Every structure is written in structure tokens, then in C-alpha cells.
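Take a look at the chain below. Keep it in view as you read.

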Amino acid sequence: NSTGSLAISNVLSDMVIRLTEGELEQLSNVRSHLLSESAYFSVISGKTASLFSACMKVGALSVGCSEAQVEQLGQIGELMGLVFQIRDDIFDYYPSSEVGKPTGHDILEGKVTLPLLYALQHGPSDEADKMRAILEQGQELTGDQVEQLVEFAKAVGGIEYAQAKMKNLAFDAKKLLEQCPNSPARDALKTLIDYFISRNH
């Protein structure tokens, strides 16, 4: 019906706006060397989580769910998107032969993701200052510098922190899913969340 079509159009319009804002925010963060966890989550919420959320909402609207159910499924999608993106970002800290993505690719592009953000905030201050200076030097990073940043993030526990954060978000998504009626679809979403956490490519 026309009401349902309009609601779906609104969801998709909101998604495009969030995707655009997330991309612009990431570019702004790179230029200004903004290194904060809140800025990181704001970017991945716009760039990845908004897509997952919109997909869940469109699915709910297409089968006539209530407004409350649409919002709930949108929240679940948002959390799933965050889980997916954190896992994707962790790949950047391992050799490409293992995960098909170049080590330090994000860092090379100026994108400082959760493992390194944690290390910069919680690592020994003298070493963290050195790593910040590398990121803020205003020149393209060398392979050696990227390796230093990657190893620093690993040594300080950035990978473990990102994994814990990812698992907490997955737990929140599953908790919201438990409020939905028992069905094969609910079980499939739980399985998908588990896959997001364990995937290696």
C-alpha cells in the first residue's frame, strides 16, 4: 500500500543521509586527526550500522510489523552493523594472507580504528605520544610506521578490547532478539550474529 511504500522510502532516505554524514565525518576526522572512540562509533554508526538497520526496518515494514516492532528490529540491525564493522576493522591488524586484507590498510588511509584508539588512550604515555606524532605528521605513512602502529595496538591490548566491545554489542543484539517471537527467522539472526563475531574474511 501507499503508506507502507512511503515508510520504506523514508527509511531508505534516512539511510542515505546517515551514510553520507558518516563518510563526511570520517573524512573530517582524518583531516583533523580526531582520535576518539566516540568519533569512531559515530562514523561506523553512520557508514555501516545505518545500512543494517535500514535493511531490518524495510523487512519489518514489508510484512506489516507495528511501528514499535520496526524500531526494535532497526535497533537490532544497528547493533549487528556495529559488530560487523568492528570485526572488519580487527582484520586490518593481521596479515593479508590470513584475511585477504592488507595489514594496516585503514591506518595507511588515515582511518584510526578501535584497537589503535584504545592503545593511544591506554598505552604508556611516552609511547602513545610517539604513535600520535606518527599519525599527525602530515605525510603519507611508510610501511614501517604502519607496522609500528599495528604492533603498538596489539601490545597494549587493543585487539582484546575491540573483541570485548564487539561481543558486548552482540550480546545486546541477542537480548533484543529474545523479545521477538520465537521463529526460524529469529534463530537465523542469532546465527548470523555469531557468524559476524567468528568470521575470518
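## Ground rules

This is a predicted model, in which local features need pLDDT of at least 70, side-chain atom pairs count only at pLDDT 80 or more, and totals for chains, interfaces and linings use all residues. Residues are numbered from 1 along each chain as its sequence is written, and side-chain values use heavy atoms, with hydrogens and water left out.

## The whole chain

The chain has 10 helices and 0 strands. Helices (H or I, at least four residues) and strands (E, at least two) are DSSP runs, numbered from the N terminus. Along the sequence, the pattern reads α-α-α-α-α-α-α-α-α-α. The C-alpha atoms fill a box of roughly 60 × 30 × 30 Å, taken along the principal axes.

Of the 201 residues in the chain, 42% are buried. Buried means under 20% relative accessible area, exposed means over 50%, and partly exposed is in between (1.4 Å probe, protein chains only). Now take the contacts with a separation of 6 or more: residues 24 or more positions apart account for 68% of them. Contact means heavy atoms within 4.5 Å.

## The nonpolar core

In soluble globular proteins, nonpolar side chains tend to be buried together. Here, the largest nonpolar core has 47 residues. Such a core is a set of buried Ala, Val, Leu, Ile, Met, Phe, Trp, Tyr and Cys residues joined through side-chain atoms within 4.5 Å. Ile 86, Ile 107, Leu 116 and Leu 135 have the most contacts inside this core.

Several helices each supply at least two residues of this core, including H2 (37–62), H7 (125–135), H9 (158–178) and H10 (184–198). H3 gives the most, with 9 residues. Leu 116 touches Tyr 93, Ile 107, Leu 135, Leu 149, Phe 152 and Ala 153, not counting residues up to four places away in sequence.

## Helices H6 and H8

Two packed helices are described by the angle between their axes and the distance between the axes. For H6 (residues 114–122) and H8 (residues 143–156), the angle is about 70 degrees and the axes are 8 Å apart. Axes are lines fitted to C-alpha atoms, for helices over the stretch in contact, and angles run from 0 to 180 degrees between N-to-C directions. H6 and H8 are therefore roughly perpendicular to each other, a label for angles of 65 to 115 degrees.

Which residues of H6 meet H8? They are Pro 115, Leu 116, Tyr 118, Ala 119, Leu 120 and His 122. On the H8 side are Leu 149, Phe 152, Ala 153 and Val 156. By class, this contact has 9 nonpolar, 1 polar and no charged residues. Ala, Val, Leu, Ile, Met, Phe, Trp, Tyr, Cys and Pro count as nonpolar, Asp, Glu, Lys and Arg as charged, and the others, Gly among them, as polar.

Is Glu 78 buried or exposed? Glu 78 is buried, with a relative accessible area of 18%. Glu 78 lies in helix H3 (residues 67–91). Its side chain makes a polar contact (2.7 Å) with the side chain of Ser 45. A polar contact is a pair of N or O atoms within 3.5 Å; within protein, one must be able to donate a hydrogen and the other to accept it, and residues adjacent in sequence count only if both atoms are side-chain atoms. Ser 45 is in helix H2 and is buried at 15%.

Glu 67 also lies in helix H3. Glu 67 counts as exposed, at 68% relative accessibility.

Terms used: Parallel < 35°, antiparallel > 145°, perpendicular 65-115°, else oblique.
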